[in-house]
Amino acid sequence: MVRRGERKKTSRRRVNGKRDVVLILQSIFELATRSSSTADFLPRTAELVAGLLGCDAVRIILREGEGRFRVCEFDLGPVRAARNEVRSSRGGVRCLLPDAGEDEGMALLMDEVLMASGRYALPSATKRGSFFTNDTSRRVVFRPKAGGRGRKPHLPIGSAFASLAAVPIDVEMKRVGVLLLGSARRDFFSARDVALCEDAAQSLGIAMAYHMTRGGARERVKELTCLYAIARVAERRDLPLHEVMRVIVGTLPAAWQYPEHASARIVLDDRTYETEGFDGVRQKQEAPIEVDGRQRGRVEVGYREARPEHDEGPFLKEERKLIDAVASEIALIVEQRGAEDARAALREQLRHADRLATIGQLAAGVAHELNEPLGNILGFAQLVQKSGRLPARAAADVDKIVSASLHAREIIKKLMFFGRQMPPKKVRVSLNRIVEEGLYFLRSRCASAGVEVRLDLAQDLPEIVADPSQLHQVLVNLVVNAIQAMPRGGTLTIGTAADDGRVRLVVRDTGAGMSPDVLRQIFIPFFTTKGIDQGTGLGLPVVHGIVTAHGGTIGVKSEEGRGTVFDVR
């Protein structure tokens, strides 16, 4: 192998013995075994071929698809041609490939040697299909082959070198590329030199086939390892979705052709997961994450340094398939997790409904059992009040009995509402009138608590069919709940509106708010955050029951320290 420090000397050395040729060919096979990528293998191979004859430059041109080529150049000589380009006799710069424009001679030459079109018989061509000339300034005669039609062009090659050789590279009887060798000196190539290059090209073709097969197998192993890792983490039901995404994004760079230069990012909804260095990515490949026909994010893999061109920029066509497969796997994981969350929520709703039904039956039974003795207590206490012959202290005690009995009766009413033992008596009512009448009894309590009441009632609000007393109960419970949430005072806003065929009652306070954990439990009977003497835990469940019985819905939004909004429709 030619070392960098020896280039000047090596460029003028001519290989004479077969032993030297064999050593160089062995070096090419060793490179095919050791090189991790084609971008590493081809330049070093070009260097070895340049050392074979001591020519000034070697280009390896490979066909990589319809109309696509890869050009690798190793240039030692004083004449420097730009990579992928050759200077024509007219001073223009044109691509070295068949559509060479002004370099018509070079275009026809590449068409015959690289594309194996078989249209012309070339002078100085060998039996293996190689072409060489020791004076590129002389015009080349392109003779149509027997039976062929068309003109017999006499064209200059238009090369930047004085001597030029084009040697085909075949793999399994298929033309895959060409070795293009150049020298600044005239009369540089001999028939023996070209024969040596043909042997090198044959060995290069075999080495390339091995290298690509080996490299393809290595890439497939990396891709399968990546997909296996994704499948393994997808099975981890103990990991939340964001942890699953972190694991997946960490596995992606190693699956691409240049893992040491690769970074990855997954964008899913409003969250982003990325590996180190993604901000410095210069070349990027991406695929959308689509769940139920809607794009939820994307998968991105990129290189922080510019890499050679392949099928899709610097990326292989297999990497396009891989990133699409990764995006599909992520979409499937998201869809499965969503289905699991929906099933869990449904199970919780069923358990909640079962608890409500059980508590409702219990509440109705308790209310019926307490109603009769409570009615007796209240009735006899009121009779004692009417006697008029009680001492002052006894009269005060009887008043307390009556007050406590009335309070107990209200609790029993709530229990019966909750247990659906008091069917609604529906008539046409105005929600605005319900609000105004309810506040008539609550304004004094609001004023004593330092709560400012603001009304935002819609004009021309349509009437609804509802039970007025039950709607009063809804309003009172929501307002009392808001007052208790503002122990240091605040603002209570009550509004009504018509919306999509329904009417809305919105009760907003500026109180302490609720945590997400408390918010999830506010409609559960007997759940309360208040003191023993401040609440029974039935107010909001009763509101929920009344609204549901009227075919309505109730929504709640709350933020700790900023207040709560109840939206009844």
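Is D500 buried or exposed? In this predicted model, D500 is exposed, with a relative accessible area of 76%. The residue sits in the loop between β19 (490–499) and β20 (502–509). Its phi is positive, at about 55°, although D500 is not a glycine. Most residues other than glycine have a negative phi. D187 is another case: its phi is near 55°, again a positive value in a non-glycine residue. D187 lies in the loop between β11 and α5. With a relative accessible area of 65%, D187 counts as exposed because the cut-off for that class is over 50%.

Nonpolar packing was examined next. The largest nonpolar core has 35 residues. Those with the most contacts inside this core are F41, V58, I60, I169, L179, L181 and L204. Two or more residues each come from α2 (18–34), α3 (38–53), β1 (57–65), β10 (163–171), β11 (174–183) and α5 (191–234). I169 illustrates the packing. Beyond its neighbours within four places in sequence, I169 is in contact with I60, L62, K174, R175, V176, G177, V178, L179, A201, L204 and G205. Another core, of 34 residues, lies apart from the largest one. Its members include C446, V453, L478 and I494. In soluble globular proteins, nonpolar side chains tend to be buried together.

The rings of F188 and F189 have centres 5.1 Å apart. Their planes stand at 85°, so this pair is edge-to-face. F188 is buried, at 5% relative accessibility. F189 is also buried, with a relative accessible area of 4%. Y258 and Y303 form an edge-to-face pair too, because their planes meet at 75° and their ring centres are 5.5 Å apart. This pair links distant parts of the chain, 45 residues apart. Y258 belongs to the loop between α6 (241–251) and β12 (262–268), whereas Y303 belongs to strand β15 (residues 294–303). Both tyrosines, Y258 and Y303, are buried. Ring pairs extend the group to F315, giving a cluster of Y258, Y303 and F315.

Salt bridges number 23. R175, one of the contacts of I169, forms a salt bridge with D170, with the closest N and O atoms 2.5 Å apart. R175 is buried, at 18% relative accessibility. D170 is partly exposed, at 33%. A second bridge joins the side chains of R320 and D324, at 2.9 Å from N to O. These two residues are 4 residues apart in helix α7 (residues 317–387), so about one helical turn separates them. Both partners are partly exposed: R320 at 21% relative accessibility, D324 with a relative accessible area of 32%. The side chains of E559 and R562 also meet in a salt bridge, at 3.9 Å from N to O. Here E559 is partly exposed, with a relative accessible area of 44%, whereas R562 is exposed, at 62%. Some bridges share partners. Through these, R265, E274, K284, E286, R298 and E300 are joined into one network.

Conventions. Residues are numbered from 1 along each chain as its sequence is written. This is a predicted model: local features need pLDDT of at least 70, side-chain atom pairs count only at pLDDT 80 or more; totals for chains, interfaces and linings use all residues. Side-chain values use heavy atoms; hydrogens and water are left out. Rings of Phe, Tyr and Trp (its six-membered ring) pair if their centres lie within 6.5 Å; planes under 30 degrees apart count as stacked, over 60 as edge-to-face and the rest as tilted. Buried means under 20% relative accessible area, exposed over 50%, partly exposed in between (1.4 Å probe, protein chains only). A nonpolar core is a set of buried Ala, Val, Leu, Ile, Met, Phe, Trp, Tyr and Cys residues joined through side-chain atoms within 4.5 Å. Contact means heavy atoms within 4.5 Å. A salt bridge is a side-chain nitrogen of Lys or Arg within 4 Å of a carboxyl oxygen of Asp or Glu.
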